[in-house]
Amino acid sequence: MGVRPISQPEDPWRSHLLVASLFFVLGTDLFMISPLIPEISASTGVSVQQASLVTSVFAATYMVCGPPAALLSDRFSRRIAISAGGILFGIGALIAAGTGAFGIVLAGRVVCAIGAAFMSAPVWAYVTETAAPARTGRAVALVSGTFAAGQIVGVPLSAFLAGWGSWRLAFLLTGSGAILAAIFVFVRLRSEPRHSSAGTLRSGIVRSLRVWRQPRLVLLMATNVFGQGARQAPYTFAGAIMVSRFGVGVDVLGWIGAIVGAGSLLGATMGGRVIDWVRRRGIPQPLVSLVAALVVSATLPVAILADAIAVVAVGWVCVFGFGAVLVSNVQEQLTRTAGEDRVYALSWNNSGLYAGVATGTILLSLFPLASAGFVWVAVGVALSSAVCSALLVAIRRQRGC
């Protein structure tokens with residue numbers, strides 16, 4: 001059976017916050033990696049470039065597992081899919097927190113990514129299926145903002161734990177938090193926006209693959225692939241760059257991460273309101289993504305190359321703030337355009353997000369930190385996102401809708 005929205009007088013914001021709590025943990029986990037890379041490198045005896053595999057392995061695993069995970073998760077209620085994925089994510093983080101070698105850390109990141117892939121699309125689907133149609137932008141922004149809030153709170157805390165004891169304590173924190181949040185979702189999330197899918201696995205595969213027959217959906221996903229790669233992949237190396245250039249410690253990197261997270265939160269919050277505003281006035285939504293991608297392209301060199309650490313921090317705030325506007329805008333368009341296939345479109349999109357991170361991280365690792373080639377790759381990825389947005393604007397104008 002397809003999607004069946006619940007008829008209710010107002011948005012269930014408490015339920016949205018409940019499922020978004022897992023994105024708080026996910027945001028903490030992903031963004032704490034950058035300040036921990038130097039610590040992971042030193043304690044495990046690998047290079048900084050090798051330590052960056054902590055990010056790329058997670059992203060590559062998510063990229064591969066996203067669509068199959070959507071097929072499985074759509075067999076269950078949103079509540080079961082979200083809580084099961086959260087528990088698996090937490091188990092993976094606890095494995096990474098163990099005292100084993102670097103290979104064990106990577107194995108834990110693989111398990112984390114599988115759990116994240118299983119829960120992410122159902123979270124996005126749940127909030128958009130239960131939100132009032134006129135406020136889906138704010139619902140999407142709530143999840144994006146919670147993700148950013150994890151960076152604000154979790155990254156300094158993780159940096160403190162790393163400086164006080166070990167970087168492994170940071171993974172212990174996120175693993176425990178994910179399991180607790182997943183248990184709360186399972187116990188407290190009662191209202192279901194849909195019935196479990198009654199179709200066959202074959203019909204699910206057909207629905208998943210037909211997403212690729214819609215050019216607009218493909219371009220929307222490509223916009224996000226490049227947009228996420230442009231902000232997340234370079235930021236993986238930001239901690240190592242700032243350590244080598246300014247000689248700062250992990251505590252300073254943690255606070256800079258929190259400031260950058262505040263930019264993401266502001267971008268997500270304002271982005272949701274902008275999305276709803278432009279929709280009411282008939283302004284092409286891809287135009288918002290185009291402007292955001294161009295700003296990211298212009299501020300990336302500042303974030304990477306500036307000689308003052310305060311300017312570097314401002315540069316990253318702009319990159320992540322406008323990047324959050326871009327991603328939120330595309331997510332909202334995907335949920336509306338895909339209709340009953342939204343969970344499949346979102347799964348492909350989420351896989352694409354991490355494909356952008358994995359590919360960008362690998363490409364950047366081929367160049368010396370903050371070199372000309374490093375910067376050109378980062379800016380080129382951001383400009384690719386702008387090109388996709390421009391094509392979407394052109395398509396909309398050509399169709400006159």
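**A first look**

At 13% relative accessibility, Thr61 counts as buried, where buried means under 20% relative accessible area, exposed means over 50% and partly exposed is in between (1.4 Å probe, protein chains only). This is a predicted model, in which local features need pLDDT of at least 70 and side-chain atom pairs count only at pLDDT 80 or more, while totals for chains, interfaces and linings use all residues. Residues are numbered from 1 along each chain as its sequence is written, and side-chain values use heavy atoms, with hydrogens and water left out.

**Thr61 and its contacts**

- Thr61 is part of helix α3 (residues 53–73); helices (H or I, at least four residues) and strands (E, at least two) are DSSP runs, numbered from the N terminus.
- If neighbours within four places in sequence are left aside, Thr61 is in contact with Val110, Ala113 and Ile114, contact meaning heavy atoms within 4.5 Å.

**Aromatic pairs**

- Rings of Phe, Tyr and Trp (its six-membered ring) pair if their centres lie within 6.5 Å; planes under 30 degrees apart count as stacked, over 60 as edge-to-face and the rest as tilted.
- By this rule the count comes to 8 aromatic pairs.
- Why is the pair of Trp212 and Trp348 edge-to-face? The ring centres of Trp212 and Trp348 are 5.3 Å apart and their planes are at 80°, so the pair falls in that class.
- Trp212 lies in the loop between α8 (201–209) and α9 (215–236) and Trp348 lies in helix α14 (residues 342–364), so this pair ties together parts that are 136 residues apart in sequence.
- Trp212 is partly exposed at 43% relative accessibility, and Trp348 is partly exposed with a relative accessible area of 22%.
- Tyr235 and Phe320 form an edge-to-face pair too, with 5.0 Å from centre to centre and 75° between the planes.
- Because Tyr235 lies in helix α9 and Phe320 in helix α13 (residues 309–338), their pair ties together parts that are 85 residues apart in sequence.
- Phe23, Trp124 and Phe147 are linked into a cluster by ring pairs.

**A charge over a ring**

- Arg79 has its charged end over the ring of Phe186, 4.2 Å from the ring centre; a charge sits over a ring if NZ of Lys or CZ of Arg is within 6 Å of the ring centre and within 35 degrees of the ring normal.

- Helix α6 (residues 136–164) and helix α7 (residues 168–188) have axes that come within 7 Å and cross at roughly 140°; axes are lines fitted to C-alpha atoms, for helices over the stretch in contact, and angles run from 0 to 180 degrees between N-to-C directions.
- The helices α6 and α7 are therefore oblique to each other, since angles under 35 degrees count as roughly parallel, over 145 as roughly antiparallel, 65 to 115 as roughly perpendicular and the rest as oblique.
- On the α6 side, Leu157, Ser158, Leu161 and Trp164 make the contact, and on the α7 side Leu169, Ala170 and Leu173 do.

**Two alanines in loops**

- Ala134 sits in the loop between α5 (102–130) and α6, and Ala134 is exposed, with a relative accessible area of 57%.
- The C-alpha atoms of Ala134 and Arg280 are separated by 8.5 Å, and these residues are 146 residues apart along the chain.
- Ala370 lies in the loop between α14 and α15 (372–399), and Ala370 is buried, with a relative accessible area of 16%.
- The phi of Ala370 is near 60°, a positive value in a residue other than glycine.
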